[in-house]
2 protein chains.
Amino acid sequence: MRVAIYQGPSAALDKPGILARIEAAAAEAADAGARLLVCPEMILSGYNIGHAAALAAAEAADGPSAMAIAETAKRNGLAIAYGYPEAGPGGTVFNAAQVIDRDGTSLVSFRKCHLFGDLDRAQFAEGAELPPLFEIDGVKTGILICYDVEFPESVRSYAMAGAELVLVPTALMLPFDFIPEKLVPTRAFENQVFVVYANRCDVEGDLTYAGLSVVAAPDGVDLVRGGRGEAVLIAEIDFAAAEAARAANPYLADRRPALYRS
Amino acid sequence: MRVAIYQGPSAALDKPGILARIEAAAAEAADAGARLLVCPEMILSGYNIGHAAALAAAEAADGPSAMAIAETAKRNGLAIAYGYPEAGPGGTVFNAAQVIDRDGTSLVSFRKCHLFGDLDRAQFAEGAELPPLFEIDGVKTGILICYDVEFPESVRSYAMAGAELVLVPTALMLPFDFIPEKLVPTRAFENQVFVVYANRCDVEGDLTYAGLSVVAAPDGVDLVRGGRGEAVLIAEIDFAAAEAARAANPYLADRRPALYRS
């Protein structure tokens, strides 16, 4: 399965501007043969924008932007994962990410479960669950947002449920290069799954996003790695090769849960 | 606290030869001000030696080699962690690691809990528990052996119990550089503990050990990193600085165990 990451945007844009950018990335990804495009956390509105702006931009999971992205998915024949502010009850906002399949239907809309410090907590309500896996071209897939992936329990939970692929829209800022460079590849290795980590690259208020998006493979190899700037990144995932890595490092089978403190 | 790793040996040695090498490493570490020396997995006998040789070399936790290492610890005024074959019931052998304090008393003798493939299973019985933490200079410390650390649950268990430091005697072979380079630093980062990963560097039968021993810090920095060859490595651990990293990345406080599949 060929997958694509849109690492961007390179500057703040309004919603029509962002939707046009996603359309352009989807067209480029489709031309490269990708069946899936993963975009960053809160791409629809920006991330470091404060609660009032997040609330003003918030939509339902089937709101007008989702409809526009569904059209982009159908037009380009690929599934699209993207982060957005989801309107919650009573003026709350969830930091959400949705995956829309190439037929325009929603596969999942996930609410970030691990809120990152005051930055997240001042803007967002926390999600209540890790949703069931969904399938893209028959591949069992889970989704997390940014800080969620830094908890080994999150990816482990999906892996124990049978995930082969985990998508991670993110907005990871400097100086945390450690996360995309070492922690994310470790999540892929220790769980024997592929992780698609799609980061922002713009400067937004007092934050500079790190870029360095990656598709990390179960054998410890980075299938593609972004730099600091805007890019559409393409990687070919070989799930059959993952079986060999899984046989060499059978972590899930070798776990000893009775020994672990919960 | 200053700590040392003995990355070695560079060739097969008999027990007196190994004990002399540990004595030399302890003296060098003590001269550098270290309060703790961590030696690799199965340093006392070799690791890739087969069950018969492991059984022939096996001793009780308070056997003659432990007594010799206790003398080395007292003579040099530092605690010593080292791997050895522990005699079990009915001709079994545990892949064990003991920590002997600078007064010559045993702080823990741990039996490897996660056996690595046929290599371990053909030689060793598996350990039954992660033991309670112990203290070195008042620092709460846990111990694991090699493959044990590759399971995030293991280090997490110690961290949840309050560990600040985790010692890992290991015998990690090529081509698994990913483990010391990315996975071990991730364990330190995601748990906000220091990890001392002490590897072998010799060729032993069909295995070439990777070296690359490391003291990994909670902020993602490698405090010291070995090359491929024999060395005594020294690192200064600043537990006060770890408090700052813990405040910046409060993973243990931000966990949401109700969401995780066990």
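Before I look at any sheet, I note that two strands pair if DSSP finds at least two bridges between them. I also keep in mind that this is a predicted model.

**Entry 1: strand S7 of chain B and its partners**

I began with S7(B) and S8(B), the latter covering residues 165-169, and I found them paired in the parallel sense over three bridges. Within this pairing, Ile143(B) stands opposite Leu167(B). I then followed the chain between the two strands, and I noted that S7(B), helix H5 of residues 152-160 and S8(B) make a right-handed β-α-β unit.

I looked next at S6(B), residues 134-136, which pairs with S7(B) in the antiparallel sense, again over three bridges. Here Glu135(B) has Lys140(B) of S7(B) opposite. The hairpin of S6(B) and S7(B) has two residues between the strands, and in it Asp137(B) takes a positive phi near 50°.

Is S7(B) mostly covered or mostly open? I found that four of the five residues in this strand, which spans 139-143, are buried, and I therefore wrote it down as mostly covered, with buried meaning under 20% relative accessible area.

I went back along chain B to Pro132(B), which is found in the loop between helix H4 (117-121) and S6. Pro132(B) has a relative accessible area of 65%, and because exposed means over 50%, I list this proline as exposed. I also checked Pro132(B) against Tyr158(B), and these two are 26 residues apart in sequence and 8.3 Å apart in space, C-alpha to C-alpha.

**Entry 2: strand S4 in chain A**

Which residues of S4(A) point one way, and which the other? I recorded Val93(A), Asn95(A), Ala97(A) and Val99(A) on one side, with Phe94(A), Ala96(A), Gln98(A) and Ile100(A) on the other, all of them buried. Eight of the eight residues in this strand (93-100) are buried, so the rest of the structure largely encloses S4(A).

I then traced the neighbours of S4(A). Strand S3(A), residues 79-87, pairs with S4(A) in the antiparallel sense over eight bridges, and Ala81(A) stands opposite Val99(A). The hairpin of S3(A) and S4(A) has five residues between the strands, and Gly90(A) in the turn has a positive phi of about 60°.

On to S5(A), residues 106-111, which runs antiparallel to S4(A) and is joined to S4(A) by five bridges; Ser106(A) is the bridge partner of Ile100(A). This hairpin too has five residues between its strands, and Gly104(A) in the turn has a positive phi of about 90°.

**Entry 3: helix H6 of chain A**

I took H6(A), residues 178-191, and found that its 14 residues reach 19 Å from the first C-alpha to the last, which is close to the 20 Å expected at 1.5 Å a residue. Since 13 of the 14 residues of H6(A) are buried, this helix is largely enclosed by the rest of the structure. Just after H6(A), I noted a positive phi of about 55° at Gln192(A).

**Entry 4: cavities**

How many cavities of 30 Å³ or more are there? I counted two. The largest holds about 80 Å³ of space, and its lining includes Asn249(A) together with chain B residues, among them Tyr47(B), Phe116(B) and Glu150(B). I sorted this lining into nine nonpolar residues, one polar and one charged.

The second largest cavity holds about 70 Å³. Its lining includes Tyr47(A), Phe116(A) and Glu150(A), along with Asn249(B) and Tyr251(B), and I again recorded nine nonpolar residues, one polar and one charged.

Conventions. Residues are numbered from 1 along each chain as its sequence is written. Chains are lettered from A and ligands numbered from 1 in the order in which they are written. This is a predicted model: local features need pLDDT of at least 70, side-chain atom pairs count only at pLDDT 80 or more; totals for chains, interfaces and linings use all residues. Side-chain values use heavy atoms; hydrogens and water are left out. Buried means under 20% relative accessible area, exposed over 50%, partly exposed in between (1.4 Å probe, protein chains only). A crossover is right-handed if, with the strands pointing away from the viewer, the path from the first strand over the helix to the second runs clockwise. The expected span of a helix is 1.5 Å times one less than its number of residues. On a 1 Å grid over the protein atoms alone, a cavity is a set of points where a 1.4 Å probe fits but cannot get out, and a pocket is an open set with protein on both sides within 12 Å along at least five of seven lines; lining residues have an atom within 4 Å of a point. Grid points are joined across faces, edges and corners, and a volume is the space filled by probe spheres set on the points. Ala, Val, Leu, Ile, Met, Phe, Trp, Tyr, Cys and Pro count as nonpolar, Asp, Glu, Lys and Arg as charged, and the others, Gly among them, as polar.
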